[in-house]
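Please prepare a short briefing on the strand pairing in this model, together with the surroundings of selected side chains.

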Amino acid sequence: NSLLPRTVRKISACFTAMILAVVFSAQTQAVVIDFDDLTYVPIDPEFPSFGDFPLDNQYQSQGLLISNAYLLPYAEGDAIISGVNYLLAGASGSSMTLSFVGNLPTYVGMYLGGDPLGVLYTNVYGPSGFFASHEKEDSGWEYVFFESATGIAQIEISASQQHRVSGAIIDDLTYTYASVPEPSSFMLWAFAILVLFRRRFGWVK
């Protein structure tokens with residue numbers, strides 16, 4: 001049947017495309033959270049409070065858990081990083097904590113702002129414990145980032161002054177995962193099947 005080689009060529013082309021898709025999909029993966037997918041709704045619209053919308057597991061499906069932090073909308077006159085919302089750290093007596101679950105990112109960056117009461121401390125932990133820190137004394141936004149080949153498990157942000165809120169705010173949290181290891185076993189199997197197809201129909205001698 002003269003259509004057979006043409007059909008097999010089409011199958012081979014599709015199979016090759018599938019292999020290439022697997023290869024190119026195994027690249028660096030990045031997640032950006034700007035908190036704008038959430039809608040701030042105060043408990044009492046007449047008397048809104050900073051603590052009306054605590055965040056915890058809203059981003060668990062994206063590998064992130066949050067504690068001691070609250071969603072707030074930008075107000076008129078604020079220096080806006082993006083969108084309508086930002087994240088406010090809670091009482092300085094306990095840190096705002098960003099905990100990464102599942103695979104650990106190797107890069108985490110964010111805009112850190114607010115009017116700190118004293119000094120804002122950012123401590124970063126990997127699988128083996130503490131490995132990096134950052135201090136911020138000035139008001140206004142600053143982009144900070146951290147990198148670790150072994151992964152970043154947790155980030156804590158706290159203030160030196162014990163007040164109702166620490167003054168720390170963050171926006172546009174970005175974290176990146178290392179390249180997915182190349183699926184060598186699958187690749188060898190796939191290429192072997194491809195070669196068998198081509199040998200069967202005389203394309204490889």
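In this predicted model, 5 strands make up an open sheet with the order E2-E5-E10-E7-E8 and antiparallel pairing, where strands (E) are DSSP runs of at least two residues, numbered from the N terminus, and two strands pair if DSSP finds at least two bridges between them. Strand E2 (64-67) and E8 are the edge strands, each pairing on one side only. From one strand to the next the twist averages 15 degrees, the axes being lines fitted to C-alpha atoms and the angles running from 0 to 180 degrees between N-to-C directions.

Because the model is predicted, local features need pLDDT of at least 70 and side-chain atom pairs count only at pLDDT 80 or more, while totals for chains, interfaces and linings use all residues. Residues are numbered from 1 along each chain as its sequence is written, and side-chain values use heavy atoms, with hydrogens and water left out.

**Strand pairing**
- Strand E5 (residues 96-100) pairs with strand E10 (residues 154-159) in the antiparallel sense over 4 bridges, and Leu-98 has Ile-155 in E10 as its bridge partner.
- E10 is also joined to E7 by 6 bridges, the two running antiparallel, with Ile-157 in E10 as the bridge partner of Thr-122.
- E7 and E8 pair in the antiparallel sense over 7 bridges and form a hairpin with 2 residues between them; Gly-126 stands opposite Gly-129 in E8.

**Faces of E7**
- Strand E7 (residues 120-126) presents Leu-120, Thr-122, Val-124 and Gly-126 on its covered face, whereas Tyr-121, Asn-123 and Tyr-125 are on the uncovered one.

**Ser-99 in E5**
- Ser-99, which lies in strand E5, is buried with a relative accessible area of 19%, since buried means under 20% relative accessible area (1.4 Å probe, protein chains only).
- Leaving aside neighbours within four places in sequence, Ser-99 is in contact (heavy atoms within 4.5 Å) with Gly-63, Leu-64, Leu-65, Ala-153 and Gln-154.
- The side chains of Ser-99 and Gln-154 are joined by a polar contact of 3.2 Å, a term for a pair of N or O atoms within 3.5 Å in which, within protein, one must be able to donate a hydrogen and the other to accept it, and residues adjacent in sequence count only if both atoms are side-chain atoms.

**Lys-136 in E8**
- Lys-136 lies in strand E8 (residues 129-136) and is buried yet has no salt bridge, defined as a side-chain nitrogen of Lys or Arg within 4 Å of a carboxyl oxygen of Asp or Glu.
- For Lys-136, the nearest side chain of opposite charge is Glu-142, 4.1 Å away; Lys and Arg count as positive and Asp and Glu as negative, while His and the chain ends are not counted.
- A polar atom of the Lys-136 side chain lies 2.8 Å from the backbone oxygen of Gly-140.

Technical notes. Buried < 20%, exposed > 50% of the residue type's maximum accessible area, 1.4 Å probe, protein only.
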